[in-house]
Amino acid sequence: MADIRTERQSRRAAGLDTWPAEDVVEALLDGQLAAAAAAHGTAAAMTAAVETVAARLAEGGRLAYVGAGTSGRLAVLDGVELVPTFGWPRDRLVYLLAGGDRAMFNAVEGAEDDAEDGRVRVGAAGLGPADVLVGVAASGHTPFTVAAVAAGREAGVLTVGICSDAASPLAAAADHPIVVDSGAELIAGSTRMRAGTAQKALLNTLSTGVMIRLGHVHDGYMIAVQPTNRKLRVRAAGIIAEIAGCDHAAAEAALAAAGGSVAAGVLIAAGAEPDRARRLLDDAGGHLRPALARLKGREQC
């Protein structure tokens with residue numbers, strides 16, 4: 001049987017069930033901090049993945065996630081949040097969760113062991129050379145996830161594998177293995193803790209880094225945020241005001257004229273007509289900075 005790193009017993013856990021609550025809490029929090037710190041060791045691999053994934057997605061492909069259990073749920077969460085935060089199109093997201101959608105809320109016994117289903121789901125989604133597939137499995141041994149990533153790579157999909165074992169099948173199957181040794185869990189095998197924290201940090205870093213490279217961020221502002229409620233409308237107008245250097249009323253008017261697009265709203269507030277603003281963004285591949293440069297010398301509000 002394979003030596004699965006995430007199943008190892010923590011030496012610190014001896015007598016855990018007899019400890020005072022404050023000692024239990026301290027040990028759990030120590031584990032969370034250690035896991036987050038361990039994620040930093042993936043910087044070189046993460047940088048390569050961010051650059052390659054961004055280049056692939058810039059051509060119009062889809063971003064797909066695959067995983068089982070906690071890993072799969074974290075992957076889905078990462079993708080779902082890209083829509084309101086970065087304006088990523090819903091139709092360019094694919095989720096392959098072992099056990100199907102119902103597994104997001106309920107454990108589906110045996111689903112993670114179904115390698116054939118992993119392969120079938122990749123084919124059913126029509127994933128191909130234009131797309132990216134991010135596989136997440138704490139151990140790196142989950143049959144469903146490993147098979148899906150392998151099938152994706154065979155179909156020309158750019159694949160990323162996030163796991164805790166460099167010698168695992170997932171690391172071997174992915175074009176870009178991102179491996180973090182998050183250490184033994186205080187409760188052996190409960191990868192929703194240290195490993196889960198490390199996975200969340202890596203998913204956050206990968207997707208956010210890619211969105212920055214694709215032009216969805218300007219000077220730390222979410223210029224593709226979707227103003228779908230009052231709080232976000234206020235935030236969107238505030239971003240326009242800060243970047244364009246205008247007052248809030250002018251920023252709100254620009255946002256309305258841009259149909260809710262913050263990037264276009266910045267250009268409108270900076271002096272462009274709405275149609276011109278959209279053309280500038282199109283010509284700049286959606287990146288605000290070069291679009292603003294084209295407006296240099298024009299009067300701002």
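This is a predicted model: local features need pLDDT of at least 70, side-chain atom pairs count only at pLDDT 80 or more; totals for chains, interfaces and linings use all residues.
Trainee: Okay, and which helix is Val262 found in?

Mentor: Val262 belongs to helix H10, which covers residues 262-269.

Trainee: What is Val262 in contact with, leaving aside its neighbours within four places in sequence?

Mentor: Once those neighbours are set aside, Val262 is in contact with Ile223, Val225, Ala236, Ile239, Ile240 and Leu255.

Trainee: And how far apart in space are Val262 and Asp282?

Mentor: Their C-alpha atoms are 14 Å apart, while along the sequence Val262 and Asp282 are separated by 20 residues.

Trainee: Let's go back to H10, then: how do the axes of H8 and H10 cross?

Mentor: In general, two packed helices are described by the angle between their axes and the distance between the axes. Here the axes of H8 (residues 230-244) and H10 come within 9 Å and cross at roughly 40 degrees, and H8 and H10 are therefore oblique to each other. The crossing in which H8 passes H10 is right-handed.

Trainee: Which residues make the contact?

Mentor: On the H8 side they are Ala236, Ile239, Ile240, Ile243 and Ala244, and on the H10 side they are Val262, Gly265, Val266 and Ala269.

Trainee: Which residues of H3 are buried, and what covers them?

Mentor: The buried residues of H3 are Ser71, Gly72, Leu74, Ala75, Val76, Asp78, Gly79, Leu82, Val83 and Phe86. What covers them includes strand E1 (63-67), strand E2 (93-97), strand E3 (132-136) and helix H7 (194-213).

Trainee: What follows H3?

Mentor: H3 is followed by Gly87, and the phi of Gly87 is positive, near 70 degrees.

Trainee: Last one, about the whole protein: how many helices and strands are there?

Mentor: The protein has 12 helices and 5 strands, and its C-alpha trace spans about 70 × 50 × 35 Å along the principal axes. Of its 301 residues, 46% are buried, and among contacts between residues at least 6 apart in sequence, 65% join residues at least 24 apart.

Definitions and conventions: Residues are numbered from 1 along each chain as its sequence is written. Side-chain values use heavy atoms; hydrogens and water are left out. Buried means under 20% relative accessible area, exposed over 50%, partly exposed in between (1.4 Å probe, protein chains only). Helices (H or I, at least four residues) and strands (E, at least two) are DSSP runs, numbered from the N terminus. Contact means heavy atoms within 4.5 Å. Axes are lines fitted to C-alpha atoms, for helices over the stretch in contact, and angles run from 0 to 180 degrees between N-to-C directions. Angles under 35 degrees count as roughly parallel, over 145 as roughly antiparallel, 65 to 115 as roughly perpendicular and the rest as oblique. A crossing is left-handed if the near helix is turned anticlockwise from the far one by less than a right angle, and right-handed if clockwise.
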